Amino acid sequence: MSNGYPLSGLRVVDLADEKGELAGRVLADFGAEVLRVEPPSGAVSRSLPPFDSEGRSLYFASRNSNKLGLALDLDAGDDRRQLLELLARADVLIESEKPGRMEERGLDPETLTARFSHLIVLSISDFGQTGPYRDWVATDSTMCAISGMQFKAGIGAREPLLSPAAMCYDIAGIMGAYSVMTAYYQRERTGWGQSIDLSVLEAVAQQTDWSFSNGSLNEAKSIDAPQTRVGSGPVYPIFPCKGGYVRLVIMAPRQWRAMREWLGEPDYLQDPKYDSFLGRMEIAEALAVVIGDLFETMTHEEVSFEAQKRGIVCTPVLAPNEVIDNDHFQSRGTFVEAEYAAGAIGQVASGFFELDRQRMGYRTRPPEIGEHADQIASGFWPGERPTPSGSRPDPSRPFEGLRVLDFGIGGVGVEAARFFADYGADVIKIESRTYPDFIRVVMSTEMSGSFASSNRSKRAFGVNLKTKEGVALLHELAKHSDVVTENGSTGMMAAMGVGYEQLSKTNPGIIMASSQLLGDHGAWADWIGYGPSTQPIGGLVYLWDYPEEGLPAGGTSIFPDHLAGRLLSITALAGLIRRLRTGRGGHGSVAQAEGVVNMLGTQMLKAGLEPGSVQPLGNRNERGAPWGSYPCAGDDQWVAITIRDDADWKRLCGALGNPDWSQSDELAGAQGRFAAHDEIDAHLIEWTKTMSKRTVTATLQMFGVPAAPMYNASDQLADPHFQARGYPRWVDQQGLGWMAFEGPAFHTSGMEDINVFEAPLIGEHTREIASVVMGLDDSTIDKHLAAGTLEETTD
């Protein structure tokens, strides 16, 4: 590598437009050479809002930095030949055309990977290349509805809330980057490329939260559990303070005792049963009043600082401009003042990742249309990539032979490690009964549905790291390992004697991937929290709301825990790819709140250019009108309908039977429809409320209108498309019974199916790991078990 970036020299041709554009940018952030190929008239995404004062798309700007620009008309023979010449010299092709469109051009993945056997072809589509919904028309908002992202957002008395940014298409982009890096890691061993079929639906569904797996437990037991919105609910409540709001999360007994002390140790809160979360639910309403009275005397930052000082999880709800100006984000370089278009300067989110404290992010502005054609034509990529020898190998799991030590708790580190397990790595969960993963014991047993979902396909090693002997044993295990994942509080790993500096002395090639709430450095790096704690401070709670002023609606999804886990897995994988080239290990990190900020990068860029302009829109969208969620027959049944342009409007009118009200000249153009949005919504509601959400969707899809039902976990489990794609993975989980785990986000031609088996008990495999991996004899293992240095589960 000539420039220190792990993907330096990787050649990528990026055709993705609107959906999945972030895939190429993430690869470019890690140093890949990415050519953004678009039609001579410009990409669709250049026409997407929001815009700056000169009419330039900030949607395009925030997803295409670090890329070079080339204009090709792929419907023209000469330009197709030029693309094929590039692909002979490229490593990766990314495309997001409607399924079947590339085949019409002779550019389908099967044809390309047969012609260029080294090539990795990533196809990103809304529902995948197969399945009953393959040809459905979609937008980011309809994907939000059907993926399970929407049903927990908002309050029960009102409509569910669609996400305030293109989160679904960007999640697909992030998973696209992960899939390409995984295929590239595999190609380094086999020499062969492959095709990747990535579904936006599955990419988003598997990282909303644990609703799918927990819902499956209820379905398997025929339990009709409620699946609806309760705002932020009793788990992640939002409280008003002087001039703002905070989110307070009290999970652990020590956090509750600190809160009780802050309240003055009143007698009525001394019952030991209130040490448990379930016990506090009995007095949730009264407790909210008492805490609210305390908080209303302070500003949101005063409340948060005092709470954090006491060891209580609390973060302020920040508006976009407050995020940009925040002391902590400024201390980390979360934003850079840089070009987002030729000659235009703004506050650009600097990227998701750090590797050895070097930001893997923004370096150069997005390209103009065809800007680098001359550079590309003059031998930019010299030499074709070599053709692998022999016959194409059978599918395999790319991470077979790797070992990962998982110190994760909750949802971030454990999800990062789980992805290595899915694709063949031996992942070992590090835990003890004195320090269990809190999600394991959240229901007062040693197994929960949430824990099982994120810790399936792993082995478990019980070790007490509060002893010198335990730390020494862990170092011995690290000698035989490749990756460590962790998301404890800042400095916790080092304090236990197993931080990166310590482990790298034992194993110089080890990769550590760390994720903390606000990162491992910066003004507020010592703050503690959970996934939902990042939503307020990253600007998401503020924007994912109804437009009326008042207490933010909030939601009970733990997003971005699962997203941060995938970002962390990408960081670890980048380190492994660098290790293949250099032999050295490294320390990658992801600040969970920066995950939120970068997902809202478009909105942050707009806010920086026009302070105060970015506000919550509810279910409205600058893209078009009508746009929103509409009630259907039944209890809490909804459908998302999104009209992007005049053509969509005509198709909608046709689906409705061209009623008189829809034929007004004023509604023929977008401006008139925006002005009459309320009136149109009233007519649509009269139509949708008489039918099921599936009937409404089927009718609109028949006419080519982007629409989708709002799904919860039960809907997804019963849905034919999820089943046809093999998404639910049913397993008889010890301690729980039958449950469905989430399936993969992508299917490939070169990888074996994901590895899925039940989650382990604490220390279930301690003896096996100590003997086979570490080489300890039975008497030594028995001595450590007797001393409590090692732990095992024998029942």
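Asp719 is in contact with Tyr133 and Tyr711, leaving aside its neighbours within four places in sequence (contact means heavy atoms within 4.5 Å). This is a predicted model, where local features need pLDDT of at least 70, side-chain atom pairs count only at pLDDT 80 or more, and totals for chains, interfaces and linings use all residues. Residues are numbered from 1 along each chain as its sequence is written, and side-chain values use heavy atoms, with hydrogens and water left out.

**More on Asp719**

- You'll find Asp719 in the loop between helix H31 (713-718) and helix H32 (720-724); helices (H or I, at least four residues) and strands (E, at least two) are DSSP runs, numbered from the N terminus.
- Asp719 is buried but has no salt bridge, and Arg694, the nearest side chain of opposite charge, sits 5.0 Å away.
- Here, buried means under 20% relative accessible area, exposed means over 50%, and partly exposed is in between (1.4 Å probe, protein chains only).
- A salt bridge needs a side-chain nitrogen of Lys or Arg within 4 Å of a carboxyl oxygen of Asp or Glu.
- As for charge, Lys and Arg count as positive and Asp and Glu as negative, while His and the chain ends are not counted.
- The side chain of Asp719 also reaches the backbone nitrogen of Phe722, at 3.2 Å.

**Salt bridges**

- Side chains of opposite charge can pair when their charged atoms come close.
- By the salt-bridge rule, the count comes to 64.
- Glu339 and Arg365 pair up through their side chains at 3.8 Å, N to O. Glu339 lies in strand S10 and Arg365 in the loop between strand S13 (358-360) and helix H16 (373-377), so this pair ties together parts that are 26 residues apart in sequence.
- Glu446 and Arg433 meet in a salt bridge at 2.9 Å, N to O. Both residues belong to the loop between S15 and H18, 13 residues apart.
- Glu446 is partly exposed at 31% relative accessibility, and Arg433 is partly exposed at 37%.
- Asp135 forms a salt bridge with Arg134, with the closest N and O atoms 3.3 Å apart.
- There's also a network of salt bridges linking Glu415, Arg418, Asp422, Arg456, Arg566 and Glu742.

**A covered helix**

- Helix H26 (residues 601-609) is mostly covered, with 7 of its 9 residues buried.
- Among the buried residues of H26 are Gly601, Met604 and Lys606.
- The partners that the buried residues of H26 pack against include helix H2 (58-63), strand S10 (335-341) and helix H25 (592-599).

**A nonpolar patch**

- Leu278, Val442 and Met443 make up a nonpolar surface patch, with about 270 Å² of accessible area together.
- Patches are made of residues with over 30% relative accessible area and no salt bridge; like charges are joined within 9 Å, and nonpolar side chains (Val, Leu, Ile, Met, Phe, Trp, Tyr) within 5 Å.
- The areas come from the Shrake-Rupley method with a 1.4 Å probe, and for residues only the protein chains shown count as cover.
- Val442 is partly exposed, at 36% relative accessible area, and lies in the loop between strand S15 (426-431) and helix H18 (449-455).

- Most residues other than glycine have a negative phi, and most peptide bonds are trans.
- The bond from Pro49 to Pro50 is cis, with omega near 0 degrees, and Pro50 is in the loop between strand S2 (33-38) and H2.
- Ala625 and Pro626 are joined by a cis peptide bond too.
- Ser222 has a positive phi near 55 degrees and is exposed, with 69% relative accessible area.

Terms used
A polar contact is a pair of N or O atoms within 3.5 Å; within protein, one must be able to donate a hydrogen and the other to accept it, and residues adjacent in sequence count only if both atoms are side-chain atoms.
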